[in-house]
Structure formats: C-alpha cells, structure tokens
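This briefing sets out selected structural features of a single chain, grouped by topic. Please read it alongside the sequence and the coordinates shown below.

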Amino acid sequence: MTLDSKIYLNAFECSPDGIIICDLNAKIILTNKAAFLMFGYESGELEGKSIQDLIPPHLRDKHKFHFRSFVSHPSARSMSNNMKLIGYRKDASNVSISIALNIIQNDSGEELILAVIREITEFVRKTEELERVSIQLKEALQLSGLGHWEFDIANNNVLWSPEVYEIFELEQGAFSSTNEGFEMLVHEEDREFVKQSYQNSIINQIPYNIVHRYITPKGSLKFLRERGRHIYDSEGLVVKTVGTVQDVTEVQKQRLLLNDYILKLEAKNKELEDYTHIATHDLQEPVNNIRGIISLMREELDNNSPTREETIYFIDLIKKASERLSTLIKGLMETARLGQVNPISEVDCNELLLEVIEGLQFQLDHNSAQIIYPTLPVLKGYRFELGLLFQNLISNGLKYSKKGVAPIIKIDCHNQGADWLFTVEDNGIGIDPIHKDKLFKMFRRLHAQEDIEGTGIGLVQCKKIVEQHNGAIWFESEPGKGTVFYFTLRKNKS
C-alpha cells in the first residue's frame with residue numbers, strides 16, 4: 001500500500017461524516033465507521049445491502065425514482081442542511097441527515113456513487129425549536145400590536161417589519177422608506193412634536209418614546225406608540241435607530257375616557273360643594289325671614305294684641321318667605337335631576353321652540369315681545385332639558401327688558417362641523433362684565449329681588465343642560481345694550 005493510499009484510507013475511516021460507496025444498482029460496497037454507527041450497524045453489516053435499506057419504508061419508492069434520475073444524469077451535489085432528508089436505522093428509528101453525492105471510478109474504471117452523509121438531528125431539533133419560538137414571537141407581536149423598524153441615518157433608509165405595515169394598514173411598497181416619508185404619515189398636528197422628540201432623544205442620549213396620531217387610508221384615527229434605541233459608532237455618533245411601533249388606540253381611548261370621567265367627577269364634586277353652600281347659606285335666607293317675622297309677632301303678642309291688619313300683614317310676609325323657600329328647593333331638585341329621567345331622542349328644535357313659545361304666550365303678550373328665529377336643526381339630545389334651556393334664556397330676555405321698550409329676542413343657529421352654535425340675543429338692560437363669574441352660579445342674582453322676580457337658578461340649569469350635551473355656554477353684554485347668550489350642542493349626542 002502506497003503512502004497516498006494510507007492517507008486516503010485514514011481520511012476515509014477518521015471522517016466525522018459517514019461515507020458510503022455503492023454501485024449504480026444501489027448495492028453498498030464500502031462504508032466507514034461513522035456511517036455504520038450512524039445507522040446503528042456493526043462493522044461489515046452494511047456491505048452487500050441495498051442503499052434502500054437506509055431509507056424509511058414509506059419513502060423508498062420515491063427514493064428509487066430519485067436514485068435512477070441521479071444515475072441517468074450524474075453530477076456532483078454538495079451537502080446542505082436539508083431537513084427533509086431522513087435516514088432509517090437498524091432499530092427502525094429515524095435520523096435526520098444531509099447528503100453530498102458524487103460519481104467516482106475504481107481502478108478498473110467502473111463508475112461508483114460516493115455519498116458523504118452528515119447527521120443533523122441536533123441541528124434540526126434546534127432549528128425547529130427556533131421556528132417555534134419565531135412563531136410564538138410573531139403571535140406575541142400580533143397580539144400586542146407591535147412591529148419592528150430600523151432607521152439607517154447615513155443612508156436615510158427606514159426598514160419596516162411586516163407587522164408595521166399591518167399597523168399602518170399599508171401595502172409593502174406604498175411607503176417611501178425614508179424619514180421624510182414616515183413623517184408625512186404622522187398626523188400633521190403631531191409632526192413637529194415627533195421630529196423634536198426624536199432630535200431631543202439623540203441630543204440627550206435618552207430612549208425615544210412617544211405617542212402620535214395617524215390617519216389610516218380608510219380615514220380612521222389611530223394612536224401609535226413609537227419606541228427607539230440609538231446605536232452609536234466608535235466616535236459616539238448615532239448611525240442607526242432600532243425601535244418598535246405599537247397600536248395603542250384602545251388604551252389611549254380608555255385613557256381619554258378616564259380623564260373625561262375624572263373631569264366629570266370633579267365637576268360633580270364642585271356641584272356638590274355648591275349644593276352644600278346653598279343648603280347652609282342661600283336656603284337659610286327665607287328661613288331666617290320666617291323666624292324673624294315670628295319673633296316680631298311674638299313680641300307684639302307679649303306687649304298687646306296685634307290688630308287684624310297687623311296679623312294679616314305678618315301672615316303675608318311668612319307666606320311670601322315660605323313660597324320663596326319652596327321655589328328655591330324645587331329649583332334645586334329640578335337642577336339635580338336634569339338629564340337623569342328623560343332618555344336621549346331625536347329633537348326637532350323648530351317644534352320644541354314652538355312649544356316653549358306657546359308656554360310663554362301670556363308673558364310674551366303682556367310684554368308685547370317678539371321672538372325672531374330661522375329654521376332650526378334636528379339633533380340628538382334630552383328633549384325636556386333642551387326645552388327648559390330655550391325657556392330659561394327667553395324668560396331671561398323678558399325679565400331683564402328695558403322699561404317702556406318692547407322685548408325683541410332673536411334666536412339664530414350656525415353649523416360648526418361637529419357642533420351647532422346657537423345664539424339668543426335680547427335688547428334688554430344688559431349685564432355688567434364684572435358679574436361674568438357670578439352669572440352661572442347657583443342662586444347668584446345680579447338684581448334685587450324686589451326689582452325682578454326670579455331665583456337665580458335658571459342660568460345654572462342652562463349651563464348644566466349644555467354641558468350634558470357636550471357643549472359650552474357663554475355670553476357677551478354691555479349695560480344698557482342687551483345681551484347675547486352663545487351655546488354649542490353636539491350634533492350627535494351619544
């Protein structure tokens with residue numbers, strides 16, 4: 001045996017890969033140690049067997065076809081980690097393998113097939129495990145609404161994962177893959193904020209973490225959370241930012257609802273404080289009057305019997321005070337109940353205003369008043385409360401009219417997109433601006449009781465009714481020049 005032969009033989013036997021040589025009829029001629037151990041055989045047991053014995057029974061017919069094809073058109077085939085190749089062991093168990101094939105010739109010039117076989121069971125196991133983890137990760141990203149992106153600053157190139165395209169509801173290729181392209185997708189009112197936040201995160205070397213709005217191609221609004229981490233070069237310059245984007249629309253909506261509820265709760269607490277103040281102060285005024293009158297009557301009785309006229313006078317005073325107390329309590333209860341009894345419905349403001357005018361017909365005729373208004377809209381809301389709103393504002397215009405001047409009350413309405421803006425204008429005595437903060441407070445009247453009748457609760461009811469319809473109310477006025485009340489009502493109250 002020559003030196004070269006010894007080297008080839010040692011390489012054949014010591015190879016970590018299994019080596020099998022067979023003839024063109026698939027009969028095994030020679031195997032190395034790694035090959036028979038790989039398939040669970042003893043030395044020499046494989047020689048003389050068919051290569052088909054190393055193939056799982058259910059795959060043998062398919063393998064015969066491929067074997068004949070290779071013999072008909074022989075060509076070297078390199079090894080690859082093809083996880084679909086399966087070997088069949090002596091104990092009937094399977095082993096994952098990868099095979100390299102080539103045609104060789106023996107000393108007689110006979111063509112033989114050289115198969116180099118590598119066991120890849122552990123590689124397949126780890127690959128399958130990696131695939132499972134990848135699938136789980138993808139599912140987790142989908143469930144969390146999370147996508148991954150990279151921004152190559154030097155090349156101004158933005159890379160998105162498929163999940164990001166799903167979040168933005170865009171087809172791949174519909175995005176220009178540049179920073180400018182991304183900024184154009186951001187809601188126009190948030191673009192400067194997004195740009196400044198990103199620059200600030202670089203300058204201060206802090207993580208990039210913001211929420212911005214986005215309008216989808218279908219026109220719906222989304223809230224997206226962008227998180228990013230910067231990657232620096234050896235000189236400390238940012239070369240890349242890697243990050244994630246998450247759809248937080250529902251979370252943001254819940255947060256906005258929570259904030260809205262907190263504001264409403266604070267308003268309710270303030271309203272409760274007002275009621276407490278009323279119970280301890282404003283309602284005490286008529287009670288104190290009654291007590292004072294009774295004390296006077298008691299003094300008169302102790303001194304000498306009062307005359308019939310004096311007795312009737314005291315009784316009338318007590319009656320007026322008790323009636324005022326009853327009116328205040330009734331107004332307080334009505335205000336507290338606004339919006340709690342009647343359901344939301346479709347309200348035709350034209351029909352509603354006619355009903356209000358009919359109810360105020362006596363006061364209108366008595367004051368020779370005019371009500372001027374155009375065609376009004378139909379909207380969703382509380383019908384009873386909206387009627388009370390118009391009634392209180394019209395009554396206000398009648399009460400605070402100028403002496404000797406017929407009241408003229410003009411009602412108008414303007415379309416403001418999501419809202420209707422109503423105006424109720426009168427030609428009355430007007431309101432001094434210094435009373436601006438008092439006007440919508442419970443029982444806060446700007447005129448003496450003997451001058452003008454009223455409880456000071458009407459405008460408080462107006463404010464509550466408007467706020468129940470997600471609107472606002474305010475006024476403009478000058479003494480002697482009349483008053484204009486403005487209020488907004490949401491078109492679709494839900």
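This is a predicted model: local features need pLDDT of at least 70, side-chain atom pairs count only at pLDDT 80 or more; totals for chains, interfaces and linings use all residues.

Is Thr241 buried or exposed, and what is its relative accessibility? Thr241 has a relative accessibility of 0%, and because of this value it counts as buried.

**The chain as a whole**

- The chain contains 14 helices and 17 strands.
- Buried residues make up 36% of the 494 residues in the chain.
- Among contacts in the chain with a separation of 6 or more, 56% are between residues 24 or more positions apart.

**Thr241 and Tyr198**

- Thr241 belongs to strand S10, which spans residues 238–247, while Tyr198 is part of helix H7, which covers residues 191–203.
- A polar contact of 2.7 Å links the side chain of Thr241 to the side chain of Tyr198.
- Tyr198 has a relative accessibility of 11%; because the cut-off for a buried residue is under 20%, Tyr198 counts as buried.
- When neighbours within four places in sequence are left aside, Thr241 is in contact with Trp149, Glu150, Phe151, Ile153, Tyr198, Gly228, Arg229 and His230.
- With residues up to four places away in sequence not counted, Tyr198 touches Phe151, Ile153, Tyr208, His230 and Thr241.
- The C-alpha atoms of Tyr198 and Ile210 are 8.9 Å apart in space, and the two residues are 12 residues apart in sequence.

**An open sheet of five strands**

- The 5 strands of an open sheet follow the order S2-S1-S5-S4-S3, and their pairing is antiparallel.
- At the edges of this sheet are strand S2 (28–31) and strand S3 (86–88), each of which pairs on one side only.
- From one strand to the next, the twist averages 40°.
- Strand S4 (residues 94–105) and strand S5 (residues 111–119) run antiparallel and are joined by 9 bridges.
- Within this pairing, Leu112 in S5 stands opposite Ile104.

**Strand S1 within the sheet**

- Strand S1 (residues 18–22) is largely enclosed by the rest of the structure, because 5 of its 5 residues are buried.
- Gly18, Ile20 and Cys22 point one way from S1, whereas Ile19 and Ile21 point the other way; all of these residues are buried.
- The antiparallel pairing of S1 with S5 extends over 5 bridges, and Gly18 stands opposite Ile117 in S5.
- S1 also runs antiparallel to S2, to which 3 bridges join it; Ile21 has Leu30 in S2 as its bridge partner.
- The hairpin of S1 and S2 has 5 residues between the strands, and in this hairpin Ala26 takes a positive phi near 75°.

**The largest nonpolar core**

- In soluble globular proteins, nonpolar side chains tend to be buried together.
- In this model, the largest nonpolar core has 36 residues, and Ile394, Phe422 and Phe487 are those with the most contacts inside it.
- Two or more residues of this core come from each of helix H11 (349–359), H13, strand S14 (408–416), strand S15 (419–426), helix H14 (458–468), strand S16 (473–477) and strand S17 (483–490).
- H13 gives the largest share of the core, namely 7 residues.
- Phe487 touches Leu389, Phe390, Leu393, Trp420, Leu421, Phe422, Val424, Val466, Ala472 and Ile473, if residues up to four places away in sequence are not counted.

**Glu385 in helix H13**

- Helix H13 spans residues 383–399, and Glu385 is found in it.
- Glu385 counts as buried because its relative accessibility is 1%.
- Glu385 and Lys464 are 79 residues apart along the chain, and a distance of 9.4 Å separates their C-alpha atoms.

Notes: Residues are numbered from 1 along each chain as its sequence is written. Side-chain values use heavy atoms; hydrogens and water are left out. Helices (H or I, at least four residues) and strands (E, at least two) are DSSP runs, numbered from the N terminus. Buried means under 20% relative accessible area, exposed over 50%, partly exposed in between (1.4 Å probe, protein chains only). Two strands pair if DSSP finds at least two bridges between them. Axes are lines fitted to C-alpha atoms, for helices over the stretch in contact, and angles run from 0 to 180 degrees between N-to-C directions. Contact means heavy atoms within 4.5 Å. A polar contact is a pair of N or O atoms within 3.5 Å; within protein, one must be able to donate a hydrogen and the other to accept it, and residues adjacent in sequence count only if both atoms are side-chain atoms. A nonpolar core is a set of buried Ala, Val, Leu, Ile, Met, Phe, Trp, Tyr and Cys residues joined through side-chain atoms within 4.5 Å.
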